[in-house]
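Grab a pencil and work through these exercises. Try each task yourself before you read its solution.

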Amino acid sequence: MPSKLFPNVVLNYSIFKLAILQTLEMLVITAVISFIISLVFGIILVVTKKDGILTNTFVWNILDKVINLFRSIPFIILIAALIPLTRLISGTAIGVKGTIFPLIVGIVPFFSRQIEAALNELDGGLIEAGQVMGLSPFQIIYSIYLKESIGSIARVTTITIISLIGLTAIVGVVGGGGIGDYAIQYGYQQNQQDATIACILVLLIIVSIVQVVGTLISRRVEH
């Protein structure tokens, strides 16, 4: 049956399988690194804002402007602009190894804003209660901001990972490997419609799995 529906994919199955593995590799590595960086940036934005527990308008303004700058640059242009720096850091600007850095730079600004929004949803009364109890800023960040916002952070992480899946497909345009690269080489350049459809189905499956897992985690921690 698959050979009838996806003849070209079956013919190049080993390449298609490698493309899926490359996409998953890019997704996992980028998601983990971006989560750590974005969590730090999100916390800094929240605690250094006006009336924050560690108000510092200089730090807030610098980070806020840098994030806005990178969010305003279309990802495909950002990839091209980062090629020299990517080569310096990764040793190459193509393949999975050459896509991790631009993917991180591309998703961190969006992810940081999502984390910031999640932390800002927290009831200000809880922060005030922590300050009255004499908790240090670090204790407030860990015990109140992070622990009480796990559900919200899980939700925005799900949204971000789904956006990241789209970016992993885009890097295929510049030889980044993965599903996007396979879709370009076989689906577009060789006009193999079944290859394009197969790539879409794989991406839909990955997105659905991420959405289901993210929803389950969010519901579990909130209950």
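This is a predicted model: local features need pLDDT of at least 70, side-chain atom pairs count only at pLDDT 80 or more; totals for chains, interfaces and linings use all residues.

Residues are numbered from 1 along each chain as its sequence is written, and side-chain values use heavy atoms, with hydrogens and water left out.

**Exercise 1. Describe how α3 and α6 pack.**

Step 1: Find the helices. Look for α3 at residues 13–48 and α6 at residues 100–120; helices here are DSSP runs (H or I, at least four residues), numbered from the N terminus.

Step 2: Get the geometry. The axes of α3 and α6 lie 7 Å apart, at an angle of about 45°. Axes are lines fitted to C-alpha atoms, for helices over the stretch in contact, and angles run from 0 to 180 degrees between N-to-C directions.

Step 3: Name the arrangement. That angle makes α3 oblique to α6 (under 35 degrees is roughly parallel, over 145 roughly antiparallel, 65 to 115 roughly perpendicular, the rest oblique).

Step 4: Sort the contact by class. Between α3 and α6 you'll find 18 nonpolar, six polar and two charged residues. Ala, Val, Leu, Ile, Met, Phe, Trp, Tyr, Cys and Pro count as nonpolar, Asp, Glu, Lys and Arg as charged, and the others, Gly among them, as polar.

**Exercise 2. Work out what lines the largest pocket.**

Step 1: Start with the space. The largest pocket has a volume of about 280 Å³. On a 1 Å grid over the protein atoms alone, a pocket is an open set of points where a 1.4 Å probe fits, with protein on both sides within 12 Å along at least five of seven lines; lining residues have an atom within 4 Å of a point. The volume is the space filled by probe spheres set on the points.

Step 2: Pick out the lining. It has 14 residues, and Ala154, Thr157, Thr158, Ile161 and Ile217 are the closest to the centre of the largest pocket.

Step 3: Trace the elements. α3, α9 (150–170) and α11 (193–222) each give two or more residues, and α9 gives the most, with six.

Step 4: Check the classes. The lining of the largest pocket has 11 nonpolar, three polar and no charged residues.

**Exercise 3. Look at both ends of α7.**

Step 1: Go to the start. A side-chain oxygen of Asp123 comes to within 3.0 Å of the backbone nitrogen of Gly125.

Step 2: Go past the end. Gly134 follows α7, and its phi is positive, near 85°.

How values were computed. A polar contact is a pair of N or O atoms within 3.5 Å; within protein, one must be able to donate a hydrogen and the other to accept it, and residues adjacent in sequence count only if both atoms are side-chain atoms.
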